[in-house]
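This report looks at one residue in a loop and at several helix pairs. Please keep the sequence and the structure in view while reading.

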Amino acid sequence: MSETSTFDHEFDVVVVGSGGAGFATALGAIDSGLSVLMLESGEKWGGNTAMSGGGMWLPNNPLMKRDGVGDSREEALEYLEATIGSDYRATSRERKEAFVDGVEDWVLTAEKHGITFVRATDYPDYYPELPGGKIGRAIEVKPFDVKVIGEWTDSISAPALLPAKTDDVWLLGRAWSTFSGMKRGASVVFRILGGLVRGKKLAGIGGALGSALLKAVVVDGGASLWLKSPLEGLIFDDDGRVTGVRTVRDGSPVTVGARRGVMLAAGGFDHNTEWRQKYHGIPGFSSGAKTNQGVPIALAEEAGAALELMDDAWWGPSLAGVEGGDPSFVVGERSMPYSMIVDARGARVSNESESYVDFGHAMLERDPDGAYWMIADARHARRYLRTFALDPRAMKAMREQGIVHSAKTLAELADSIGADPAVLKATVKEFNGFARSGVDGEFGRGNSAYDRYYGDPTVHPNPVLGPIERGPFMAYRLVIGDLGTKGGVLTDADARALREDGSVIEGLYAAGNNCASVMGRTYPGPGSTLGPATVFGMRAARDMARKG
């Protein structure tokens, strides 16, 4: 495994990947005076981060302290133990403490380099009733003027650049059915117009986070970012320390030395069908970047790294994609009243308003290969903004391909989707009784503050329950989707790659979806992917800086 080389290029830190974990590593390295090269395998930079909602779940963060919002290290750790447990090496107490203790350094360093954060003040933890649970732990980047990053805007992975915030989404869903929703919708419109008047092109959510990080790291920080430069191999010295990488630049193979370390932060194996079948038993319907094929994980394993949680992902129900298209991750739409989710027979699966990871696990347990449908009555479409239904052409294609069905009666709807009419009728009857009483006697939908977050406060007695009784009735085909895989390289408190015996592979680090998640098999709060990704990226950079 040993290899020595004279490098074509040399930097203090080489970062593989251009998402949140990679940028946080690069920012920490720059803050410590180190030179940085970032490698991106695809034509677009930003990875899953720029495609995401852009929120980071960061308990006891500096913004909460400034706002006088009660939180503490002890409460954060209490909540992490209550939700995650310690069943895996990746979820050890040491790593949980490292995450919580690293929040402040990440946030303050990002602010020092010009990044402006805002809180999602109303967004609950996903289990807020558990010990240590809170509301308002997530933060995001303030809508950002992407004009300041120049031509880099043309190659960002974000599908759209609009100045909406994560903190807007829960109200925008009911923009034409409640006063608070209409008010928030108007504020977003004025935000867009205000930016245009000032000559700015404002972006929000993941586009804002990615762009702000690129400005701090590349435009202002002087780091190099090479596109179309996939990782092709790791380079070692005679002692087995990782000292560099093999990659491609302008179509030619090159070697790059890394004096302080190599960070693997290039996403999981979202679109590696062979691995998805091997580890998950299903081909996968991921919303992650197409370039996420798991190459860095495979190379780390070849170098002796231990892997963990490879059989899990950031699951969630997704609307099936049209032929040649991608699935659409379904979040708020599941909690809107007048809808429920059923299996192929027509029976409910779980609490539709619970965490998407939990609902995804419920789908896997029920039938990993089965059909699932979101059933809704006419009010679901008339009252609420549904992200998957914004494009009339896409809706037409989904109807033509059997992804969306409508019918005047529930019996006709059951027939069109292949469900048992008697089962669907009985399920709807029971569900409607729960809606009228306000208590979901089967799965407890609406019992948690998180359940109610995306609900409609004008619907009584339960804001996430509404009877399904007015036609035309709709059925939307759902698949077991995900935001990315969550298994990968086992790492320590400073994101250093570990062997099975717990020893460190010197010079090799991993963060984000390249590493086994500190969140284990759950999802404690909004942004539980990006929160740890950025914190452990920063911790890795600090460790590299100490090795000078």
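Predicted model: local features only at pLDDT ≥ 70, side-chain atom pairs only at ≥ 80, totals over all residues.

Contact, as the word is used here, means heavy atoms within 4.5 Å.

## The setting of S350

S350 is found in the loop that lies between β16, residues 339–342, and α11, residues 356–366. When neighbours within four places in sequence are left aside, S350 is in contact with F359, A362 and F443.

The relative accessibility of S350 is 11%, and because buried means under 20%, S350 counts as buried. Its side chain also takes part in a polar contact, which joins it to the side chain of E354 at 2.7 Å.

## Helix α1 against α8

Two packed helices are described by the angle between their axes and the distance between the axes. For α1 (residues 20–31) and α8 (residues 205–219), the axes come within 9 Å and cross at roughly 30°. Angles under 35 degrees count as roughly parallel, and α1 and α8 are therefore roughly parallel to each other.

The crossing in which α1 passes α8 is left-handed. On the α1 side the contact involves G20, F23, A26, L27 and I30, which meet G210, L213, L214, A216, V217 and V218 of α8. By residue class, this contact of α1 with α8 comprises 9 nonpolar and 2 polar residues, with no charged ones.

## Helix α1 against α17

Helix α1 also packs with α17 (residues 530–546), where the axes come within 7 Å and cross at roughly 30°. Here α1 passes α17 in a right-handed crossing.

From α1, the residues G20, A21, A24, T25, G28, A29 and D31 meet L530, A533, T534, G537, M538, A541, R542 and M544 of α17. The residues of this contact of α1 with α17 divide into 8 nonpolar, 5 polar and 2 charged.

## Helix α4 against α5

The pair formed by α4 (residues 73–83) and α5 (residues 93–112) packs at an angle of about 135°, with the axes 10 Å apart. At this angle, α4 and α5 are therefore oblique to each other, and their crossing is right-handed.

Residues R73, A76, L77, L80 and E81 of α4 make the contact together with R93, K96, E97, F99, V100 and D101 of α5. Sorted by class, the residues of the contact of α4 with α5 are 5 nonpolar and 6 charged, with no polar ones.

Notes
Residues numbered from 1 in each chain as written. Heavy atoms only, no water. Helix = DSSP H or I, 4+ residues; strand = E, 2+ residues; numbered from the N terminus. Buried < 20%, exposed > 50% of the residue type's maximum accessible area, 1.4 Å probe, protein only. Polar contact = N/O pair within 3.5 Å; in protein donor to acceptor, adjacent residues only side chain to side chain. Axes fitted to C-alpha atoms, helices over the stretch in contact; angles between N-to-C directions. Parallel < 35°, antiparallel > 145°, perpendicular 65-115°, else oblique. Left-handed = near helix turned anticlockwise from the far one by under 90°. Nonpolar A, V, L, I, M, F, W, Y, C, P; charged D, E, K, R; others polar.
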